[in-house]
Amino acid sequence: MLQYITLDGLPCVAPYCHAVRAGDFLFVTGQLAEDPKTGEVVRGPIEEQTVRVMENLKMVLEASGSSFSQVVMARIFVTDFRFYDAVNDIYKSYFEAGRLPGRTTVGVSALADFGDVEIDLIAYCGE
């Protein structure tokens, strides 16, 4: 059984839902640094953008009945690898020490709405 999850308070920049639950797995759509109040992508320092991305992911996980402690895989997309260390510092602060998920980081030439960082997640929601 599939469950499609869309949050009213979090904008979508394209036609998608924020997450899909498929059995024991939750697939969270890549989140940009969109301000939930304005729908605009946060511009400015990569640290500010990354915090906003992680907070958006947190909103989706919580609305789906999950949390960062259940994340098993993450994919991070950055437009400049000079952002790598700053993104890592903020990203890892959302996880318990010793419980980091698997991960891929990819450098890309552009992201939707010209954000500089996007992260998607897969969480295991079984027993």
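In the predicted model, the axes of helix α1 and helix α2 (residues 84-92) come within 9 Å and cross at roughly 35°. Axes are lines fitted to C-alpha atoms, for helices over the stretch in contact, and angles run from 0 to 180 degrees between N-to-C directions. Helices (H or I, at least four residues) and strands (E, at least two) are DSSP runs, numbered from the N terminus. The crossing of α1 and α2 is right-handed, a term used if the near helix is turned clockwise from the far one by less than a right angle. Ile46, Glu47, Thr50, Val51 and Met54 of α1 meet Ala86, Val87, Ile90 and Tyr91 of α2. This contact of α1 with α2 comprises 7 nonpolar, 1 polar and 1 charged residues; Ala, Val, Leu, Ile, Met, Phe, Trp, Tyr, Cys and Pro count as nonpolar, Asp, Glu, Lys and Arg as charged, and the others, Gly among them, as polar.

An open sheet of mixed pairing is formed by 6 strands in the order β1-β2-β3-β6-β4-β5. Two strands pair if DSSP finds at least two bridges between them. At the edges lie β1 (2-5) and β5 (102-107), each pairing on one side only. From one strand to the next, the twist averages 10°. Strands β4 (residues 71-78) and β6 (residues 117-124) pair in the antiparallel sense over 7 bridges, and the bridge partner of Ile76 in β6 is Ile119. Helix α1 (residues 46-63) packs on the sheet, touching β2 (19-22), β3 (25-31), β4 and β6, where contact means heavy atoms within 4.5 Å. The direction of α1 makes about 30° with that of β6.

Residues are numbered from 1 along each chain as its sequence is written, and side-chain values use heavy atoms, with hydrogens and water left out. As the model is predicted, local features need pLDDT of at least 70 and side-chain atom pairs count only at pLDDT 80 or more, while totals for chains, interfaces and linings use all residues.
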